[in-house]
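Please open the structure in the viewer and keep the sequence at hand.

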Amino acid sequence: MGRIKSFIEAAGWPRIIIALFLLGLFVIAPFVEVRVDASISDTLVRFGMNGVMVLAMVPMVQAGCGLNFGLPLGIIAGLLGAVTSVELELTGILGVLAAMCIAIPIAVLFGWAYGLLLNRVKGGEMMIATYVGFSSVAFMCIMWLLLPYKSPSMVWGYAGTGLRTTISVDGYWIRAISDFLSFQYGKYFYFPTGMFLFFALLCFLMWLFMRTKIGTAMTTVGSNPDYARASGVNVDRMRTISVILSTVLGAVGIIVYEQSFGFIQLYMGPFTMAFPAVAAILIGGASVNKATILNVVIGTILFQGILTMTPSVINSIVQTDMSEVVRIVVSNGMILYALTRVVKVKSR
Amino acid sequence: MKYSLREQISHFLVQYAVPIIFVLLSIVAIPLSRFSTEYLVQEMVARLARDSFLVLSLLIPIMAGMGLNFGMVLGAMAGEIGLIFITDWNVMGVQGMLLAMIISTPLAILLGWMCGAILNKAKGREMVTSFILGFFMNGVYQLVVLYGFGNIIPIKNPALVLSRGFGIRNVTNLAGIRHCLDDLFSFNIMGITIPAATFLLIGAFCLFITWFSRTKLGQDMRAVGQDQDVAGSTGIPVERTRIISIVISTVLACYGQIIFLQNIGTMNTYNSHEQAGMFAIASLLVGGASVSRATIPNVFLGVILFHLMFVVSPMAGKYLIGEAQLGEFFRVFISYGVIAIALVLYSWRRHKERERARRSLRGAE
């Protein structure tokens, strides 16, 4: 009994309720004629698609910069890379790699500027990050119209200028990473091995990084900035590095997302993309100032599982699509829970 | 301490950076848009009447040191629920509006109390918490309005309900109360219609705020806004005061949304409240308010400047680059960018002050 209690204490009620809810959905699924194998496959694909963007939350949380609501900044860098790669007509794995190689320097630049900004506004990072994200997306809306991209598969047909809202990567690098060593089992089960390997590689690199000297220093800055300063760590530099890292992962994350999804979504597409990533890592057990790779993995599975299962299962039961509402309530409820809880612990 | 002229000028520039940028932008954009002065003045008068009340509802939480109340969308939702009911019952005109206010007041009080209680658990990060709370309650609102209405809560009017038999349609027509307050008595000056009744209401509300800030409760709020610990040790119930400030703000936002929608005449059932929050906050900041200080003149200046940009920018974009879409995006960028800049300036200043305080403690320099 004591062990169960301490487990509940450690995991927190909302997480357990969400896990039980997901379990319940999987149990009900066969009875309402939803295929379990297809559902599991969908969940896995979505897990791979979103994993890297959730991983992007880790460095900033660890360095005490809070949840990165400014993820759209990284996503924009990724989009620039992706669009340029399509413009150059690169295909297959080469196209994806080119997209990443173009996106990463841009992301480093954005992240550096964004990090400098966040260093000047310590204590108010999250709200400012949100609005930096929003305004950069709105600014890029103007740029997508004006940037001189020419490829006929990307610009508006009649005008010949201005990028389209959604651009298909079919014929360029659709599923270029996912299909590496992937396999099909039966008619409904598809396993994107390549995407998982890629995600695992990034997780491993992050794990290694967190154990290097810089990574440890970064964690120290997050847990106790005064102690970090006293032991000779350059607090602002560590924070900037964490922001750059987070932005770069956001850029890589969106490219992984796009190659699996098959479309590049421009304009208001990246607008709300930070919220699912934030919610996922919180569901996985992270708090506003502590996050691990395990949190990323668990959180992404749980959150994406719910997103996959609710539309199909709930629709079959009540004959109406409630997935959108469930998504909004679960993700924002989770963020709200994390924001209110952490302070309770802090304030004596 | 005496400040040199240069320090005073730089202080003025930092304090009013956002309004100055807006005035400059307007000076450039107005001639480009080719609108007539008469049209612009009429638009501004109409928008002042429509939006001021919503923006004014933000003042009290700022007084209590809780920053910009992004939770005002909760009040807007309450107001919308009231409006759905009166449309269903077919109550028209000013009576309809009053009834909507009466129905939504208890709901707004409840939501405001809840919001205040949650924000008390998240001291120091009120803004981001109220912001997320707005999103969260938007989900709950959708749950109630899209699935509850017509199912659990009876709705008789078939024109309101989706064809599947429950849930309110995306657009609710408020023809019954359209312009009812604006037209109660209005007059013309040089071809410009002035909705006097609405302005009287707004004026009364401004008086209320000035009166309120001088009452015991208002002074308590100021004290809490200055320093919670000090206020607490002088015997002010800090948490209760904070909750009251949010409740008042939520109720006023609810009335503000009803006034706003009676002017518009149609309601985007699932979007109106989100826009209300964003535009109100952006307007207030454009008027030169900061997260910790906002006055009534800030509100009116802000509404005029923000909406001037709002009206002018699509046309200016069209004539300048030949694409109206561009101006459209530009104004979205402006409204988010303004909030970002204002938040950054505020945090930056606070950060600097803290650093200075620490330095003086150290005794160096």
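Select B:Gly322, which lies just after H13(B) and takes a positive phi of about 85 degrees. The model shown here is predicted.

Where does H13(B) bend? Highlight B:Val312, at which H13(B) bends by about 35 degrees. A proline, B:Pro314, follows within four residues of that position.

Next, display both chains and turn to the place where they meet. Here 37 residues of chain B are in contact with 32 residues of chain A. To view the chain B side, select helix H7 (126-148) and helix H14 (324-362) of chain B, the elements that give two or more residues to the side touching chain A. Colouring that side of chain B by class shows 24 nonpolar, nine polar and four charged residues.

Finally, select chain A alone. A cartoon view presents its 14 helices and four strands. The radius of gyration of chain A is 21 Å, close to the 20 Å that the globule rule gives for 348 residues, so chain A is as compact as a globular protein of that length. Of the 348 residues in chain A, 51% are buried. Among contacts in chain A with a separation of 6 or more, 75% join residues 24 or more positions apart.

How values were computed. Residues are numbered from 1 along each chain as its sequence is written. Chains are lettered from A and ligands numbered from 1 in the order in which they are written. This is a predicted model: local features need pLDDT of at least 70, side-chain atom pairs count only at pLDDT 80 or more; totals for chains, interfaces and linings use all residues. Two residues are in contact if their C-beta atoms, placed from the backbone, lie within 7 Å. Ala, Val, Leu, Ile, Met, Phe, Trp, Tyr, Cys and Pro count as nonpolar, Asp, Glu, Lys and Arg as charged, and the others, Gly among them, as polar. The radius of gyration is taken over C-alpha atoms; the globule rule is 2.2 Å times the number of residues to the power 0.38. A residue is buried if 20 or more other C-beta atoms lie within 10 Å of its own, exposed if 12 or fewer, and partly exposed in between; C-beta atoms are placed from the backbone. The bend at a residue is the angle between axes fitted to the seven residues ending there and the seven starting there.
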